[in-house]
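Student: I have a model open on my screen, and I would like to learn how to read it feature by feature. Could you walk me through it?

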Amino acid sequence: GVQAAISSFRSASARFAVEVALLGRLARLRGLSLSELLGATATTASRSVLVGSLADDEFIEASRTAARRGARAVKLKATGNDLAEEARRLTELGRALGPEVALRLDLNGALDVSGARVALGVYARAKVELCEEPCAGEALLLLEDCAIPWFADESAHSDELFGRFVAHP
């Protein structure tokens, strides 16, 4: 089946795209949703709109534009290097958007574990909802009891590591 069809692809992205397409087709043929086919419980998650970097001069206007177009969550790239300035900008953004629009950050794995813990605490006080990749790879698994949720993106590059992220509380 599906495994045989994708085993020849060297690119993980290509394998994933073909696997999802084939499984989606199989689900439709059986009259099921993809989550039903996989035996999973579907949950809803709000999507965010990437509006740029927290360091951009126009980050507030870009976020307002996204909100006017219906975004309920905006995502900005951040570095975690100048937490006082990032907190100031996030507070300003939160005031500009109001509580209806959630704030999310993506650090692209820029910090080590201790730096990530500190940054997540600062971001929580600035009302950030969640943070993507505060640190990278297996280091993410060392983050426990953080002030805000984090999630893995680029770090979930292998089946083994992906499984460990999914199992992590």
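The dialogue below goes from the overall fold to the core, the surface and the salt bridges.

Tutor: Happy to! One thing to keep in mind from the start: this is a predicted model.

Student: Then let me begin with the fold. How many helices and strands are there in the protein?

Tutor: The protein has seven helices and five strands. Following the sequence, their pattern is α-α-α-β-α-β-α-β-α-β-β-α. For overall dimensions, the C-alpha trace spans about 55 × 35 × 25 Å along its principal axes.

Student: What percentage of the contacts between residues at least 6 apart in sequence join residues at least 24 apart?

Tutor: That share is 56% in this protein.

Student: How many bridges join β1 to β2, and which residue in β2 is the partner of Val 49?

Tutor: Four bridges join these two parallel strands, and Val 49 has Val 74 as its bridge partner in β2. Moving along the sheet, β3 and β4 also run parallel and are joined by four bridges.

Student: Is β2 mostly covered or mostly open?

Tutor: Mostly covered, since four of its five residues are buried. For the protein as a whole, buried residues make up 36% of the 169 residues.

Student: That brings me to the interior. How should I read a nonpolar core?

Tutor: The general idea is that nonpolar side chains tend to be buried together in soluble globular proteins. In this model, the largest nonpolar core has 37 residues, and Leu 90, Leu 105, Tyr 123 and Leu 143 have the most contacts inside it. At least two core residues come from each of α4 (59–68), β2 (73–77), α5 (83–97), β3 (102–106), α6 (113–125), β4 (128–132) and α7 (159–167). Of these, α6 gives the most, with six residues.

Student: Which residues does Tyr 123 touch, not counting those up to four places away in sequence?

Tutor: Its list is Ala 78, Gly 80, Leu 83, Glu 86, Leu 90, Leu 105, Leu 107, Val 128 and Ile 148. Notice that Leu 90 and Leu 105, two of the residues with the most contacts inside the core, are among them.

Student: And the outside? Which residues form a nonpolar patch on the surface?

Tutor: When reading a surface, take the total first and then look for local groups. The protein exposes about 10200 Å², and carbon and sulfur atoms supply 54% of that. The patch consists of Phe 16, Val 20, Leu 34 and Leu 38, which together have about 370 Å² of accessible area. Phe 16 belongs to helix α2 (residues 12–29) and, because its relative accessibility is 57%, counts as exposed.

Student: Last topic: salt bridges. How many are there?

Tutor: The count comes to 10. Arg 88 and Glu 85 form one, with their closest N and O atoms 2.6 Å apart. Both lie in helix α5, three residues apart, about one turn of the helix. Arg 88 is partly exposed at 42% relative accessibility, and Glu 85 is partly exposed at 27%.

Student: What about Arg 164 and Glu 138?

Tutor: Their side chains meet at 3.2 Å, N to O. Arg 164 sits in helix α7 and Glu 138 in the loop between β4 and β5, so the pair ties together parts 26 residues apart in sequence. Arg 164 also forms a salt bridge with Glu 160, at 3.3 Å between the closest N and O atoms. These two are four residues apart in helix α7, or about one helical turn. Finally, salt bridges with shared partners join Lys 75, Lys 77, Asp 106 and Glu 132 into one network.

How values were computed:
Residues are numbered from 1 along each chain as its sequence is written. This is a predicted model: local features need pLDDT of at least 70, side-chain atom pairs count only at pLDDT 80 or more; totals for chains, interfaces and linings use all residues. Side-chain values use heavy atoms; hydrogens and water are left out. Patches are made of residues with over 30% relative accessible area and no salt bridge: like charges are joined within 9 Å, nonpolar side chains (Val, Leu, Ile, Met, Phe, Trp, Tyr) within 5 Å. Accessible areas come from the Shrake-Rupley method with a 1.4 Å probe; for residues, only the protein chains shown count as cover. A salt bridge is a side-chain nitrogen of Lys or Arg within 4 Å of a carboxyl oxygen of Asp or Glu. Buried means under 20% relative accessible area, exposed over 50%, partly exposed in between (1.4 Å probe, protein chains only). A nonpolar core is a set of buried Ala, Val, Leu, Ile, Met, Phe, Trp, Tyr and Cys residues joined through side-chain atoms within 4.5 Å. Contact means heavy atoms within 4.5 Å. Two strands pair if DSSP finds at least two bridges between them.
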